[in-house]
Amino acid sequence: MNNSSSLNDVTYNKIKEDIMNMALEPGMDVSVQKLSERYGVSRTPVREAVVRLQQSGLVEIYPQRKTVVSKIDLQRVREEWFIRTSLEAAVVDDFIRKCSELVADTMQELINKQKKYMDKKHFIEFYHKDNRFHQLIFETAGVSLAWYTIEEVASHYNRICLLHGKMEGARQSHISQHENMVAAIRRRDVEALRQAVKEHSGSLLEQVNSMSKQYPQFF
């Protein structure tokens with residue numbers, strides 16, 4: 001990779017991370033000039049990043065006027081939730097068939113680490129452990145591309161998760177749901193795991209409703 005491509009990727013990843021963790025809030029003005037100054041890079045990599053972020057649904061460009069961080073679209077959240085839930089439930093059979101005790105132990109270790117990061121000050125760490133927990137399901141099932149697709153598509157879904165965690169911290173029920181999933185995995189109970197996946201995913205919809213009422217400026 002040449003230096004130009006590397007700088008473009010680094011710039012894109014930094015801006016995307018700040019949008020996802022709400023350092024750049026929904027509705028915020030993010031002109032190329034402002035982003036260039038914020039991240040200390042020239043306009044070219046910022047312009048490239050903004051185009052990619054628009055394609056991901058994270059920024060909106062109004063030609064000759066302004067560029068803003070997209071507000072969280074509730075309909076899109078529900079569609080992204082549907083994609084994620086459908087794919088995760090669909091890989092359960094292959095996951096159980098290929099899952100070893102080592103994978104189950106690793107998932108339990110991730111849960112144990114999540115317990116240390118439940119307050120809102122450390123929610124980013126909690127979120128990363130959560131993502132790794134679910135990523136392991138797809139990797140073990142042999143469908144890593146499906147997880148990559150979810151991560152690329154689910155920008156509004158993931159912002160809801162991060163907004164909730166940043167404002168409220170993690171819920172104990174989130175930990176309990178993960179533990180129920182691991183218990184089903186150890187029993188090699190496909191249907192119990194599938195049901196646990198759906199229950200876990202469904203809890204997000206409660207967050208959607210509460211967050212949109214509590215923080216309407218982000219929606």
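Helix α7 gives the largest share of the lining of the largest pocket, with 6 residues. These views come from a predicted model, in which local features need pLDDT of at least 70 and side-chain atom pairs count only at pLDDT 80 or more, while totals for chains, interfaces and linings use all residues. Residues are numbered from 1 along each chain as its sequence is written, and side-chain values use heavy atoms, with hydrogens and water left out.

**View 1. The largest pocket has a volume of about 470 Å³.** Of its 18 lining residues, M20, Y127, H128, N131 and E151 are the closest to the pocket centre. (On a 1 Å grid over the protein atoms alone, a pocket is an open set of points with protein on both sides within 12 Å along at least five of seven lines, a cavity is a set where a 1.4 Å probe fits but cannot get out, and lining residues have an atom within 4 Å of a point; a volume is the space filled by probe spheres set on the points, which are joined across faces, edges and corners.) At least two lining residues come from each of α1 (3-20), α7 (123-141), α8 (144-153) and α9 (155-168); helices here are DSSP runs of H or I, at least four residues long, numbered from the N terminus. By class, the lining of the largest pocket has 6 nonpolar, 7 polar and 5 charged residues (Ala, Val, Leu, Ile, Met, Phe, Trp, Tyr, Cys and Pro are nonpolar, Asp, Glu, Lys and Arg charged, and the others, Gly among them, polar).

**View 2. The largest cavity has a volume of about 310 Å³.** Look here for D130, C161, H174, H200 and Q207, which lie nearest the cavity centre among its 23 lining residues. Helices α4 (74-90), α7, α9, α10 and α11 (190-214) each contribute at least two residues to this lining, and the largest share, 6 residues, is again from α7. The cavity lining divides into 7 nonpolar, 12 polar and 4 charged residues. The model has 1 cavity of 30 Å³ or more.

**View 3. Helices α6 (residues 101-114) and α10 (residues 172-187) have axes that come within 10 Å and cross at roughly 170°.** α6 is therefore roughly antiparallel to α10 (angles over 145 degrees count as roughly antiparallel, and those under 35 as roughly parallel). On the α6 side, the contact includes E101, M107 and I111, and on the α10 side H174, H178 and V182, where contact means heavy atoms within 4.5 Å. The α6 and α10 contact residues divide into 6 nonpolar, 4 polar and 4 charged.

**View 4. The axes of α7 and α10 come within 13 Å and cross at roughly 20°.** α7 is therefore roughly parallel to α10. F126, D130, F133, H134 and I137 of α7 meet H174, I175, H178, M181 and V182 of α10. This contact of α7 with α10 has 6 nonpolar, 3 polar and 1 charged residues.

**View 5. Helices α4 and α11 pack at an angle of about 170°, with axes 10 Å apart.** α4 is therefore roughly antiparallel to α11 (axes are lines fitted to C-alpha atoms, for helices over the stretch in contact, and angles run from 0 to 180 degrees between N-to-C directions). Among the residues that meet are L74, W81 and A89 in α4 and V197, L204 and V208 in α11. In the α4 and α11 contact, 8 residues are nonpolar, 5 polar and 4 charged.

Key: Angles under 35 degrees count as roughly parallel, over 145 as roughly antiparallel, 65 to 115 as roughly perpendicular and the rest as oblique.
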